[in-house]
Amino acid sequence: MLSDPFKSHFLFLILSLSLCVSQTLALNSVPEPDASALTYLWPLPSEFTSGNRTLSVDPDLSLAVGGIGGNSAIVRAAFDRYRAIIFKHTSGISIFSRFTGRSSVYDICKLKIIVNSNNEELQLGVDESYTLFVSKNDEKSIIGEATIEANTVYGALRGLETFSQLCSFDYGTKSVQVYKAPWYIRDKPRFAFRGLLLDTSRHYFPIDVIKQIIESMSYAKLNVFHWHIIDEESFPLEVPAYPKLWKGSYTKWERYTVEDAYEIVNFAKVRGINVMAEIDIPGHAESWGTGYPDLWPSTSCREPLDVTKNFTFDVISGILTDMRKIFPFELFHLGGDEVNTDCWSSTPHVKQWLQDRNMTAKDAYKYFVLKAQEIAISKNWTPVNWEETFNTFAENLNPRTVVHNWLGAGVCPKAVAKGFKCIFSNQGFWYLDHLDVPWNEVYTAEPLEGINDTSKQELVLGGEVCMWGETADTSDVQQTIWPRAAAAAERMWSRRDAISTGNITLTALPRLQYFRCLLNRRGVQAAPVTNKYARRPPIGAGSCYEQ
C-alpha cells in the first residue's frame, strides 16, 4: 500500500490531471486498435493512464531516494544499470550544443524511488507491486518529474524496468523522451512464480552466458531462474561433500564451482530473481556414477539410481546439504520424471531387495521419491516434483509438494483439487525447445485453464517456460528463448482480462515485435517474432519491427 501522504499526493494529481489525460489505455477496451493506440510496455501493467505530452529526460538524470528502504544498494545499482540502458546514445551536452553554447532545459531531471521496507529477503510471493508517476517538472506538481513507490526493493526494480521502457531515444533531437505523458501506472504481478528453466547438463553454458540470460529475464519481469543443473549426460556442479561427482562433467573445463553458483544466485537476487535448483532423481542421473559407480545398480543398469543402498541417499543428503548453503530459495526441484524402472527388476541384487520387501519396481519408485522428499524437507525446503509423481502416487506425496506440470493439459486442475500447489509448463506451449510452437500459442496458454474455483486458483503458483538444452548451446540459446518467453511472461504478469480479449494479432503482436527490438537494442539475440520455426534468422531485408 502507498503511504498516506504519498497516496493523497497521487489522488490530488490524478484529479488535477484529469483534463489533460487524453485517454485511459486498456487493451480490452480497444478491440481493433491502430499502432498509435497501443501501449508499448511489456508486460502490460495492471492499471495505467497516459496523456498526450512529450517530455525530455535529462542525460544527467539523478536519483533521489525515500522510505526506509530507498537507500538500498540494490536500488542504487539498479538505477545505474538502467541509466546506462536509457542513455546509451547520449550523455551530457551534445557536441553541437557545446559549439553553439546552447544548453537544454529538461522536463525530467530526477527519478525519485521510495521503498517502504528495508527487508531485502527474496522468497516466493515477495511484494513486487509498484506505482510509477511521470510528469513535467513545471513547479506546479506536488510530486513532479518521475517517482516510483514500492513496498520492497523488488517492486522498485519492476518499476525501473517499466520506466526504462517509457524512455525512448529521439534521433532527431538526440535526446531521450517520454511520449504520451503524464503517465500514472499502478502495477503488480498476476502470479508469484514466473519462471524460466535452463538445462546446463545437455550443453554447458558459461557463467557469463547464464548471467546474460538472467539479465534478459529481468527485462520481461520473470522472477524464477530454474537451474536444471544436472542430468544423465553430465554432472557439472562441484559438491564438496562428494568431490568425485563432477567427474561426470563433459570435460574439466565445463564445470561450475561452488563460487560460480554463489555468484549466479547473488547476480539473480539483485535483479529480483530467485534461483530454484534441481537434481533430477532417481532417473536422469547416470552421470552421478562416473565419480561414484556404486550409485549405479550395475554397469548395464546405470539409471535409475540404486534404490537399495544407503549410500545413494547419503549422497543425495550430502548434495542437498551443500546446495542449501548456496540456494536460499524455499523451493527445490527433485525431478522424478521419466523413470524407467525395468532394469531394477532385472538386476539381481535389486530384484532380491524388492522381493524381500514384497515391493514392485513401481513401489520402489514411490519409495525413492518420498525418501528424497523427506531429506529435502529436513533441510527446510519445499519439494517440487514433475507431474509423474503426482500421476502415479498422488495420495502418498508429502502435502507440501508442488506439482510441476509438463506432459499436457489437465494436471494443475487435478493437483489443486487434491490440495497441492502447481506450476504450469504444458510442453505443448511452454517448452522452448519445441521450435514449431508459434508466439501466439505461447501467449494464449493459460495456467488457470479448467480451474474455476477461486480458492483452487490460488494454489497455482504460476508457470514456467523451459529451455531444454539438447539442441541449444551458447550459439543459439538466446534466440531460442526470446521472444517467445516474453509471450509467456506477459501471460503470467498481466491481468487475464486485459490480454485475453480482442484480436491478439492487433493488440499483442505489434507490442511483442517492439519488445523484441528492445531486447535486440539491449544486446539480447532475440529472434524474429513471427518465425514459423523459432530462432530462424530473417529471410530478407526489412525492419526489426516487422519480422
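This is a stop-by-stop tour of one protein chain, with something to select at each stop.

**Before you click**

You're looking at a predicted model, where local features need pLDDT of at least 70 and side-chain atom pairs count only at pLDDT 80 or more, while totals for chains, interfaces and linings use all residues. Residues are numbered from 1 along each chain as its sequence is written, and side-chain values use heavy atoms, with hydrogens and water left out.

**Stop 1: the whole chain**

Show everything as a cartoon. The chain has 21 helices and 16 strands; these are DSSP runs numbered from the N terminus, with helices (H or I) of at least four residues and strands (E) of at least two. Of its 547 residues, 57% count as buried. Buried means under 20% relative accessible area, exposed means over 50%, and partly exposed is in between (1.4 Å probe, protein chains only).

**Stop 2: helix 6**

Select residues 258-269. This is helix 6, with 12 residues. From first C-alpha to last, helix 6 reaches 17 Å, close to the 16 Å expected at 1.5 Å a residue (the expected span is 1.5 Å times one less than the number of residues). Which residues of helix 6 are buried? Colour Val258, Asp260, Ala261, Ile264, Val265, Phe267 and Ala268 to see them. They pack against helix 5 (207-219), strand 10 (224-230) and strand 11 (274-279).

**Stop 3: Phe327 and the core**

Now pick Phe327 and show its surroundings. It touches Ala261 and Val265, plus Trp227, Ile229, Val275, Ala277 and Trp381, not counting residues up to four places away in sequence. Contact here means heavy atoms within 4.5 Å. Phe327 and Trp288 have the most contacts inside the largest nonpolar core, which has 152 residues. Another core lies apart from it, with nine residues, including Val224 and Met276. A nonpolar core is a set of buried Ala, Val, Leu, Ile, Met, Phe, Trp, Tyr and Cys residues joined through side-chain atoms within 4.5 Å.

**Stop 4: Asn223**

Jump to Asn223, in the loop between helix 5 and strand 10. Is Asn223 buried or exposed? Asn223 counts as buried because its relative accessibility is 4%. Draw the side chains of Asn223 and Glu128: a polar contact of 3.2 Å joins them. (That term means a pair of N or O atoms within 3.5 Å; within protein, one must be able to donate a hydrogen and the other to accept it, and residues adjacent in sequence count only if both atoms are side-chain atoms.) Leaving aside neighbours within four places in sequence, Asn223 is also in contact with others, among them Arg158, Phe193 and Ile273.

**Stop 5: Glu338**

Next, select Glu338, in the loop between strand 12 (331-333) and helix 9 (342-346). An unreviewed UniProt entry places the feature "active site" here, at Glu338; such annotations may be inferred rather than shown by experiment. Glu338 counts as partly exposed because its relative accessibility is 45%.

**Stop 6**

You'll find Lys174 in the loop between strand 6 (167-170) and strand 7.

Finish with two cis peptide bonds. The bond from Ala181 to Pro182 is cis, with omega near 0 degrees, and Pro182 sits in the loop between strand 7 (175-181) and strand 8 (183-187). Ile281 and Pro282 are joined by a cis bond too, with omega about 5 degrees; look for Pro282 in the loop between strand 11 and helix 7 (288-291).
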